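I opened this entry to look at how two chains meet. I wanted the interface first, then one residue beside it.

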Amino acid sequence: MNEMVTVFVVDDEPILHKLYHDILERKGHSVIASAYDGEEAVHIYKQMNDKPDVILMDYRMPQKDGIEATKGILKVNPKARILFVSADESVKEEALAAGACGFKLKTFKIDELIEDIENTARQKPRD
Amino acid sequence: MKKILVVEDESIIAMELELHLTEMGYEVVGIASSGAEAIAKARELRPDLILMDIVMPGEKNGIDAATEIKSEMDVPIIFVTAYADEERIKRAKTVEPFGYIVKPYEDREVRATIEVALYKKEMESKLKEEKNRVELLTDILGHDIRNLNQGILSYMELLLTTPDLPEKFNGYIRTAFEQSKGITKLVSNVRKLLELQKQGLKLKNIDVFPLFIHAIDEVKTAYSQKELEIKCELSENEVVVLGNELLEEVFYNILDNAVKYDRHDTVEVEVNSGKVEDGKYWKVEFKDNGPGIPDEIKERIFTRLERLDKKAFATGLGLTLVKQIIEKCGGKVWVEDRIKGDRTKGSNFVVMLASADGGE
């Protein structure tokens, strides 16, 4: 049995928040925070006492996009593990260059995403 | 009033031109007498049009100046010169000028050329704007469809894991799931087609074997209700061709069609390969046992885009993408009957790709 992973979901689509919640809980993982914009994501992340194991990051959001939010969060905590989950194929390289640990293209299969989240959580913290 | 920059090293001609242009209703915002000055003034004054002499003193002639200006801003340039020799016109053409006036000229000739250039420029801008709008809409469409489809696919997946789900429902949901995945595939194909058109392909020597194996895996996962049996003697580092990773899309789409249209539960595809044309090409054949393709549409299934064909022979643009990728690799693709003269026995998709060693 895998250890429980705590997840912070950043996406502007409410239905996807519900989806992430539903599929993660089934596997015994937990969504501990949600943000609907990059700006909000950085703000919430700063305030969190218990930082999440993994952050799921969308790209296209109303104010601050996922790349900017990734940079913002890594500035607060350079060891934060961010997994990009985006419908934008074209931003993969930019996301990884900005410091994301991985990139998952929508549409994904549930098991693939869970596996990526668990792998990201298991990665050693960066130095 | 349209702003014109006059580039002319002979001051009397320049002044005369200024006078006439002003009479015609244009505003001459500046006069430059060398290539370097033309560049500086174009940057500073942002004219709507430039009348450019070609032969001028200094390091840069009119063609050099035009090249530099065009790389920085989108302004129509008309060359005005006493020379109309073949070589010079050929060089001038590389800058894509909006006109070429040969001295001595008449005022009405200058006016007509300027008016046509301004009109063409306006149309060009409108076209570019429209193209950007279409590209943006296509991009949003693709992005949002992926997002919407994510919800549909994942909740169907959750449904499939419901305990005691009747077998019949399981089948229904799987079919819906596969259709939904087809939507994502379509979106991805459209995106790839647009990118191919815009940027082309970077070619290199590539072993098709790993791409082929990966494509088989992808098709197998996509059709969980069917068995796919590939008869193939391809091995690693054998078929090395001039191409790109996108060749995986070629294999995927051909196999995907074979599985999709074959009504048997077990789909058999035979894959043969061999060098042809003195070793210049690798010929790879994919023989299926599907319903076959009528002669009348054997060519058209690949050419929807070229013919702007709305009539569908198959959904998804897969074979359109196949043809575009292969042609960008310098290869060829076509379909023939697996058994000559009897198309009901299935199809043979033939792919020709340039071999990496160029043949010997």
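**Interface.** I am working from a predicted model. I looked up the extent of the contact. Chain A brings 19 residues and chain B brings 18 residues. The area buried between chain A and chain B comes to about 1800 Å². Carbon and sulfur atoms give 53% of that area.

I counted 3 salt bridges between chain A and chain B. One side-chain pair that forms a salt bridge is Arg60(A) with Asp139(B), at 2.5 Å from N to O. On the side of chain A that touches chain B, helix H1 (residues 14–26) gives the most, with 7 residues. I sorted that side of chain A by residue type: 8 nonpolar, 2 polar and 9 charged.

**Asp88(A).** Asp88(A) sits in the loop between strand S4 (82–86) and helix H4 (92–98) of chain A. Is Asp88(A) buried or exposed? Its relative accessibility is 4%, so I note Asp88(A) as buried. The cut-off for buried is under 20%. I checked its side chain: a polar contact of 2.8 Å joins Asp88(A) to Arg60(A). Leaving out residues up to four places away in sequence, Asp88(A) touches Tyr59(A), Arg60(A), Phe103(A) and Leu105(A), and also His143(B).

Notes
Residues numbered from 1 in each chain as written. Chains lettered and ligands numbered in written order. Predicted model: local features only at pLDDT ≥ 70, side-chain atom pairs only at ≥ 80, totals over all residues. Heavy atoms only, no water. Contact = heavy atoms within 4.5 Å. Buried area = accessible area lost by both parts, 1.4 Å probe. Salt bridge = Lys/Arg side-chain N within 4 Å of Asp/Glu carboxyl O. Helix = DSSP H or I, 4+ residues; strand = E, 2+ residues; numbered from the N terminus. Nonpolar A, V, L, I, M, F, W, Y, C, P; charged D, E, K, R; others polar. Buried < 20%, exposed > 50% of the residue type's maximum accessible area, 1.4 Å probe, protein only. Polar contact = N/O pair within 3.5 Å; in protein donor to acceptor, adjacent residues only side chain to side chain.
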